[in-house]
Amino acid sequence: MSDIFGFADELGPTKVIHVYEPSVQLRGILVIDNVAAGPSIGGVRMAPDVSVEECFRLARAMTMKNAAAELAHGGGKAVLVGDPKMPRDDKERLLRTMASSLRNVEDYIFAPDMGTDEDCMAWVRDEIGRVVGLPRVLGGIPLDEIGATGWGLAHSAEVAAEFVGLELDGARIAVQGFGAVGKHAARFLKQKGAVLIGASDSRGTVHNPKGLDVDALWELKLEGCSVVDYTDGTRGDTDAIIDLDCEIWIPAARPDVINENNVDRLRTRLVMQGANIPATLEAESILHERGVLCVPDFIANAGGVICAAMEYQRAGESAVFPVIEDKIRRNTRSVLERAQRNNAPPREVAIELATERVHRAMDYRRYAVFSGAPGFV
Ligand code: NAD
């Protein structure tokens, strides 16, 4: 907390709010990073060990993601200290108190993230109205159910494949984390001819070089089983997914799963980042030097937030797929073309591109004019 100013740079954060209400054991932080493009959208993360630093990083990541997707929204994030599996009544009390404490902070729009879901967003809406990720019955678009992020990821992969001379038809894919993002990515890539040869979840990995049945794996997960309960394949531990020989490797689980200690084990041509920050910067740079193309998280996995922004504008469910497809294909191509021209890692180029967009939006604001035009400060 004492180091708040250590995080500030020319983009933000514009507001940092400590939300504290001891009577209901509420402790939370809201970081609104940059609102030049519009009110910030970013999820509320609930976990026992959330930190202010994490909140700063996640809020900045949302600024980058929203700018890259050319949404009329800046980036923000809220964290809430607590066990997401606490009794429902307690959780409802916390979310309602958090929402009403932030009633007047109009440049933050609540959204779901790890530990919060559409029920939580429904409570927020009942309190203050400024929220996305609502249940369908309240006009929400259930982005995990329809596979918004997986849809965008599959389109990003199709564009990226051209840059490594890869045909999707017959391409072997491995998915780490067969959850909301991973299973939909596998489903949409299968429709483009790719073959899922490996999948993992928190209990282990299943592998079959001839292909796994995506629908059967999906059914298993719906029944509350693990991918390792799939019988037509070889089982391994959770880590085994890293060693599978494939053309496209999709991390869709946890941060930093690819790092300096295991990056040499990856045998793939394309890494499509479904999870947020799934690889360390060092690992990404090693992959770049080896000629493995990594499409950065905030370019490849923006389908969810694009869907959320459209829900906020009251778009219908069927309208979101073409918009996600168009934005993500265009962005993937711009980033990869520039990366190829400059022989630079795609993440470096993606940050440059998103930052340029934030600066252009900031130039329209009255205060703190960025690009040198006369301002008031
Ligand atoms: P999810 O909970 O639906 O799925 C995560 C899956 O990963 C689960 O099957 C879980 O068992 C598995 N898993 C957990 N630890 C693992 C490990 N060590 N090894 C292998 N598998 C493991 O979550 P999700 O919504 O699919 O999100 C996955 C990632 O994508 C997260 O990093 C999330 O922040 C990011 N993301 C999600 C969305 C979205 O639309 N849901 C959008 C952008 C980014």
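Predicted model: local features only at pLDDT ≥ 70, side-chain atom pairs only at ≥ 80, totals over all residues.
## Ligand shell

Local features need pLDDT of at least 70 and side-chain atom pairs pLDDT 80 or more, whereas totals for chains, interfaces and linings use all residues. Residues are numbered from 1 along each chain as its sequence is written, and side-chain values use heavy atoms, with hydrogens and water left out.

Polar contacts are pairs of N or O atoms within 3.5 Å. A backbone N or O atom of V181 lies 2.8 Å from an oxygen atom of the ligand. For the side chain of K221, an N or O atom is 3.4 Å from a ligand oxygen, and for G274 a backbone N or O atom is 3.5 Å from one. Taken alone, the ligand exposes 830 Å², of which the protein buries 73% (Shrake-Rupley method, 1.4 Å probe).

## Pocket and contributing elements

The ligand sits in the largest pocket. A pocket is an open set of points on a 1 Å grid over the protein atoms alone, where a 1.4 Å probe fits, with protein on both sides within 12 Å along at least five of seven lines; a molecule sits in it if more than half of its atoms lie within 2 Å of its grid points.

Helices (H or I, at least four residues) and strands (E, at least two) are DSSP runs numbered from the N terminus.

## Strand pairing

Strand 7 runs antiparallel to strand 8 (residues 204–207), to which 4 bridges join it; pairing requires at least two DSSP bridges. A hairpin links these strands through 2 residues, and A199 stands opposite V206. Strand 8 is in turn joined by 3 bridges to the antiparallel strand 9 (residues 234–236), where T234 is the bridge partner of H207.

## Backbone exceptions

Most residues other than glycine have a negative phi, and most peptide bonds are trans. G12 and P13 are joined by a cis peptide bond, with omega about 5 degrees; P13 is found in the loop between helix 1 (4–7) and strand 1 (15–21). E70, not a glycine, has a positive phi of about 50 degrees and is found in the loop between helix 2 (52–68) and strand 4 (75–81).

Key: Polar contact = N/O pair within 3.5 Å; in protein donor to acceptor, adjacent residues only side chain to side chain. 1 Å grid on protein atoms, 1.4 Å probe; cavity = no way out; pocket = protein on both sides within 12 Å on 5 of 7 lines; lining within 4 Å.
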